[in-house]
Structures are given as structure tokens and as C-alpha cells.
Amino acid sequence: MSGSVPFLNLSAQRTRINSLLKPRLDRVFEHCQFVLGPEVQEFEQRLSHYCHARHAIAVSSGTDALLAVLMGEDIGPDMAVFLPSFTYTATAEVVLLLGATPIFVDVDPETFQIDIASLKKRYNTVLSLKKLVPKVIIAVDLFGQPAPWDELKEFAASRKLTLIADCAQSFGAVYKNRKLGCEALATTLSFFPSKPLGGYGDGGAILTNDDEKAALYRSLRSHGEGKERYNVQRIGLNARLDTLQAAILLTKLDVFEQELQKREEIARYYDKHLPLNITPPQRVPYSKSAWAIYCVTLESREKRDSLRQTLTDNNIGSAIYYPKPLHFQPAYKKYHDGTALPVSESKGGYVLALPIYPDLKDDERSQVIKVIKKWAKDNS
Ligand SMILES: *Cc1c(COP(=O)(O)O)cnc(C)c1O
């Protein structure tokens, strides 16, 4: 009997980076500047350098990053914000927290990224109803891959819509030879532990090339204060990144490129060895994935559920992203106009995410493939 293969193994990573981590944490314990200490600034500089963005503003989570960016656009009632339905709830909840209306858009059946044709249709509907003012598109870089940024930029510019990138899953990905981070007015990142660059708790960041917006986001993350404390310019948030998290993330950034390479290697191994009736993830053209999620597609829901059960029986972790599109969720149903979004509605029945992380060992990944191959033979 072979050992188990967890869906994610953060303890193996911690063991690997332990000697790098300790001195950084000790330094924070020595200076005791636990909020907006020097590590936060250092991390912001490293982040902006890494993505070639002029500014990086570290915040408390990916969700707060999105919230601050929408607040920076004065998003509120009677405004429409377009976003894919096939995403994590955070992308949509921030819109409703500000009293605006999320307009759910379908995704591409091959890449799962926001579908431009659906976006155009949804936009035209909003325009013709004359109830909401179209304001913002939040495009999600899903599963580690980039959204179709060139098409999005063209569409957003022609309709005077503001483009925001929810890059929570795709920090480190490359689009047309550029690291993601500068495709939209603002790009939001998440450092939730399971993301490609994960902290030991919640964390996030906003990237932007716009000097004024950068200053605004800095103010919004810290109670709307101006350059001086206790000088309140606007209503803001308490959405700062802890210094300890910044120290952890700095350590992980040091090994991040190596980790991305390792993820790519695992993805190629899976691609090569998957049986024919299991479709590997389709690559977005001209891009490099950060491989937050390696999502295969089965021929039917029955087959997907059967494979998942077989993996579970063999102690191999797997996950389903996303079993239910947002416009079907109880919390969002009432904000949706009933338009069918067929890809988002069906895909959750066919997809399965396999373990992919830098510390996945060679014998573990071959164990995954062995079990999948046996399942394919038994179910052909
Ligand atoms: C994880 C995630 C978020 C939210 O990030 P948090 O740091 O958990 O708040 C937002 N959008 C997407 C697509 C995500 O995957």
C-alpha cells in the first residue's frame, strides 16, 4: 500500500524554508513594529520590482484588496460591475458590500477565463435596460492563468469601463512576456496560504502604475488617513498587512521562481501521462501559468465523481473548483437576471483539480498517475 498524497502540503514547504524563515521572524520580534514595520515596505518594493509595477500596496487579504480598489473608484448603488460567474465568491461579494450590482458573465469552455462574447452581450443588456451605469470589469486570472487581457483592454477602453484584475490565483504568471500585474488599472493579489505565494494567514496586495491611485489605496487601507496619522481624509478600512506576514512572504518570495518551475514541471508530467479520456488544462496562448490549480476535465459528471472517489479511496487529495457558479448561489441568485451562463453552469460537473505544489515528490506524482491510469482502464 502506497502512502497518501495530500492535495496541499504546506508543512513540507515549511521544513524546506525553515532556516531562511527564522532569522526574518526573529528580526520582527526584536524591533516589535508589528504593524507597517520595515518588512512591509521591503516586501512592497520586492513585489513591485518582481511585477514591474510602479506601486505595490500590501493589504490584509485579497478580498480587502478588491474592496479598496472598488472604493477607490467610488463604486456604489446603481452601478454595474461585470465579473465571471465561475470564480471564488470574494470577486463578487465586494461589489455587493458597496451596494453595486454584480453582472455575471460566462467563461470560455476551454480556458475557463472570462468570455469576451458573453461580456459584450451582458454589457449591451445593461445598457439597454438603462437602470444601472456600467462602470467596472473585474477580470479574474483563473487557476494560475491570465484572462484575455488584450481583448479586455480593447473592450474596456472603447466603453470607458475601468478594468480591474483579480489576480489572487495567478501571481507569477506571464502574459505575452510580461509578469501579470500591470494589465489593468489595479491588480489585486491574495497571499492566502494555498495560493502560489501564500503566507501563514491572510494577506494580499494591490499593484498599480497610477501614482494617485496608489496614494489613495494606501490611505484606504489605513482608515482613510492622509500623510499624517489622525488626519482622516475619507472613510477607509483597517486592511493592513501584518509585519510578520510580510517577513514570511519575503522569505517565500526568495524561493518563488524555483517553486514556479517546479509547478510547471509537475504540470508537464501530468499532461504527458494522463490517459486519453481525461483532458489536461488548456493553456492560454502566449502565457505561462503559475499553476495555482491543475484542473482536468472528464467526459461526464459520473466519470468525474467516480475518479474522485477512486482518488479518495487511494488517499490522494483532489478538489472541485467550482461546484456551483456564483449566479446559482443562494447569496447571489436574487441579483441575477436569469440569463443562462451555460459554461459556468455545466463545467463544475466535469472538472477535477489534482495535487500540484512545489513539494510534491516524484513518487507522489507518479502515484497520482498510477491510480488515474488504473481507473481509466477499469472504466473504459
Ligand atoms: C482567494 C481568492 C480571492 C480572495 O482572497 P483572500 O485573500 O482569501 O481574501 C479573491 N478572488 C479569487 C479568484 C480567489 O481565488
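This is a predicted model: local features need pLDDT of at least 70, side-chain atom pairs count only at pLDDT 80 or more; totals for chains, interfaces and linings use all residues.
Residues are numbered from 1 along each chain as its sequence is written, and side-chain values use heavy atoms, with hydrogens and water left out.

Three strands form an open sheet in the order 7-6-10, with antiparallel pairing; a strand here is a DSSP run of E with at least two residues, a helix is a run of H or I with at least four, and both are numbered from the N terminus. Two strands count as paired if DSSP finds at least two bridges between them. Strand 7 (178-179) and strand 10 (287-288) are the edge strands, each pairing on one side only. Strand 6, residues 174-175, pairs with strand 10 over two bridges, and Val174 has Lys288 in strand 10 as its bridge partner.

Now to the ligand. Which residues come nearest to the ligand? Of the 15 residues around it, they are Gly62, Thr63, Asp166, Ser190 and Lys195, where being near means having a heavy atom within 4 Å. Some of these make polar contacts, that is, pairs of N or O atoms within 3.5 Å. A polar backbone atom of Gly62 is 2.8 Å from an oxygen atom of the ligand, a polar side-chain atom of Thr63 lies 2.5 Å from a ligand oxygen, and for an N or O atom in the side chain of Ser190 the distance to a ligand oxygen is 2.6 Å. Taken alone, the ligand exposes 380 Å², of which the protein buries 93%, with areas from the Shrake-Rupley method and a 1.4 Å probe. Helix 3 (62-72) and helix 4 (90-97) each supply at least two residues of the shell.

Finally, the cavities. On a 1 Å grid over the protein atoms alone, a cavity is a set of points where a 1.4 Å probe fits but cannot get out, and lining residues have an atom within 4 Å of a point. Among the 15 residues lining the largest cavity, Leu8, Leu10, Gln13, Arg263 and Pro358 are the closest to its centre. Helix 1 (10-31) and helix 9 (256-273) are the elements that give two or more residues to this lining.

Methods. A polar contact is a pair of N or O atoms within 3.5 Å; within protein, one must be able to donate a hydrogen and the other to accept it, and residues adjacent in sequence count only if both atoms are side-chain atoms. On a 1 Å grid over the protein atoms alone, a cavity is a set of points where a 1.4 Å probe fits but cannot get out, and a pocket is an open set with protein on both sides within 12 Å along at least five of seven lines; lining residues have an atom within 4 Å of a point.
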